[in-house]
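Subject: Structure handover

Hello,

Here is the structure you will be working with.

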Amino acid sequence: MIDAASHPRPVLEGLINAAGDTLSARAFVDEELYQLELERVFAKCWLFLVPAGEIPNPGDFFSTYMGEDPVLVVRQRDGSIAAFLNQCRHRGASLCRSDNGNAKVFQCSYHGWTYDTAGRLTAIPGEAQNFAQPLDRDEWSAVRVPRIAVENGLVFGCFDEHAPSFRESLGDAAPYFDAMFARSAGGLDAIPGAFRWRVKGNWKLAAEQAASDGYHFFISHASSIIAITPDGTPAPPKASTPNVQFSSELGHGIGLLTDMSRLPVNDEIRTGPHTSRWLVDVERPEAAKRVGALMTTQNRPIYGLIFPTFGYLPSNHTIRVFLPKGPDEFEVIAWSVVPHEAPPEVREEVRVSTGRSFGALGIFEQDDAANWNDIRHALRGYAARRTRFNMQMGNGPVRVDETYPGSVQTSESEFGSRRFYRRWLNLLAADQV
């Protein structure tokens, strides 16, 4: 662990107190901190790129970002996946302006330099006439993302050639990652068509919530729960919903409900009658057989984060990535996901229910975005930027439970938030990560 308090960078001083349970508001607004995040977090960590099923055929591509670096993720002829900067090496214009599609080559629209689907420079207009000698095309090819990992149908990339493998980077969160993404024999399919939208707020607000914050649900989403229940039934008190929260020192976190019968909105209301029956009769029994106690009929993951920005909501059948766009804005790319074996009627119900709950205009997503924007708005003020935020809830010993690997507490705790921000600060303070 890095002791950030002794690090010479003044911008890191006082961000987190010695006890690790209060946080400076500067964490969400400081431009110098943000630039350090791009260098020390997003250029060093494994980042989620795309579900592999989004690019099934040779030449299929998906445009996304690693930090603020634009990248193209492309299926190769041999079935492998490559990723490279969406940037021409001549003057830096984009190689592709589409979100996704299929291509045989990528040609810069500025001067026409052309690259193949692996990012290799293949053609330069007027090369023989305009250059004294042929250019070294290997040297001037697109910058490749050197590390690619495909795990349980999900594609991750890392710019750091010396980073641990993706699997190693999961640490003690690996059983929870598999519980979500290896729970069916055929794996999970992303329903074609990603949701994309932007939120006014700092990316860490969304990431921390995905890692730790079950505390907000019955307050922030109270009106949404009433709106989607047939009789307008209010949510039960938070304490009446049994739960547990796992957190890793690597910043990953997940929350689980330990009695699904106490969930205020049942499966049929959340998704639909076909999905409700299929979950009970097929999906949950299969998941229990494959991954054990973490995915039983009553014990289910509800929210989670693979540090720094890959969030998932298993009970709402959605995965998402939070892409930073400055200290006070981020972009969300989200997908609906279903087990490969899910029949067409289940896929359609999941697609519709995800859109209306956690899509760009989903009622729960709008609740969250309003909170994050509210925080951003307040932090425009001089005095507000100098306040500290409290992370002391559940600030006690962690417990070890045979059912739940690693360190756990109840969700009425900011245990996961404290570990998320400690991991974040350790990365910022490290000279080499």
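How many positive and how many negative side chains does the protein have, and how far apart do the centres of the two sets lie? There are 43 positive and 52 negative side chains, and the two centres are 2 Å apart. In this count Lys and Arg are positive and Asp and Glu are negative, while His and the chain ends are not counted. Each charge is placed at NZ of Lys, CZ of Arg, CG of Asp or CD of Glu.

The model is predicted: local features need pLDDT of at least 70 and side-chain atom pairs count only at pLDDT 80 or more, whereas totals for chains, interfaces and linings use all residues. Residues are numbered from 1 along each chain as its sequence is written, and side-chain values use heavy atoms, with hydrogens and water left out.

Overall form

The protein has 12 helices and 22 strands. Both are DSSP runs numbered from the N terminus: helices are H or I with at least four residues, strands are E with at least two. The C-alpha atoms fill a box of roughly 75 × 55 × 40 Å along the principal axes. The radius of gyration is 22 Å, which agrees with the value near 22 Å for a compact globule of 433 residues. That radius is taken over C-alpha atoms, and the globule rule is 2.2 Å times the number of residues to the power 0.38.

The protein exposes about 18500 Å², and carbon and sulfur atoms supply 51% of this area. Areas come from the Shrake-Rupley method with a 1.4 Å probe; for residues, only the protein chains shown count as cover. Of the 433 residues, 54% are buried. Buried means under 20% relative accessible area, exposed means over 50%, and partly exposed is in between (1.4 Å probe, protein chains only).

Cores

The largest nonpolar core has 89 residues, and those touching the most other members are L12, V73, F177, F181, F310, I319 and W424. Helix α12 (residues 415–429) gives the most to this core, with 7 residues. Apart from it lies another core of 15 residues, including F61, A103, W113 and A142. A nonpolar core is a set of buried Ala, Val, Leu, Ile, Met, Phe, Trp, Tyr and Cys residues joined through side-chain atoms within 4.5 Å.

Leaving aside neighbours within four places in sequence, W424 is in contact (heavy atoms within 4.5 Å) with residues including L15, W203 and F307.

Individual residues

The peptide bond from F307 to P308 is cis, with omega near 5 degrees. P308 sits in the loop between β16 (300–306) and β17 (310–313).

Two residues have a positive phi without being glycine: N152, at about 50 degrees, and H317, at about 60 degrees. N152 is in the loop between β10 (147–151) and β11 (154–158) and is partly exposed, at 26% relative accessible area. H317 is in the loop between β17 and β18 (318–324) and counts as buried because its relative accessibility is 5%.

N86 is in the loop between β5 (81–85) and β6 (100–102). Its relative accessibility is 5%, so N86 counts as buried. Not counting residues up to four places away in sequence, N86 touches S63, P70, V71, L72, A93, S94, L95 and C96.

Y404 belongs to strand β22 (residues 404–409) and is buried, at 9% relative accessibility. Y404 and V244 are 160 residues apart in sequence, yet their C-alpha atoms are 8.5 Å apart in space.

Regards
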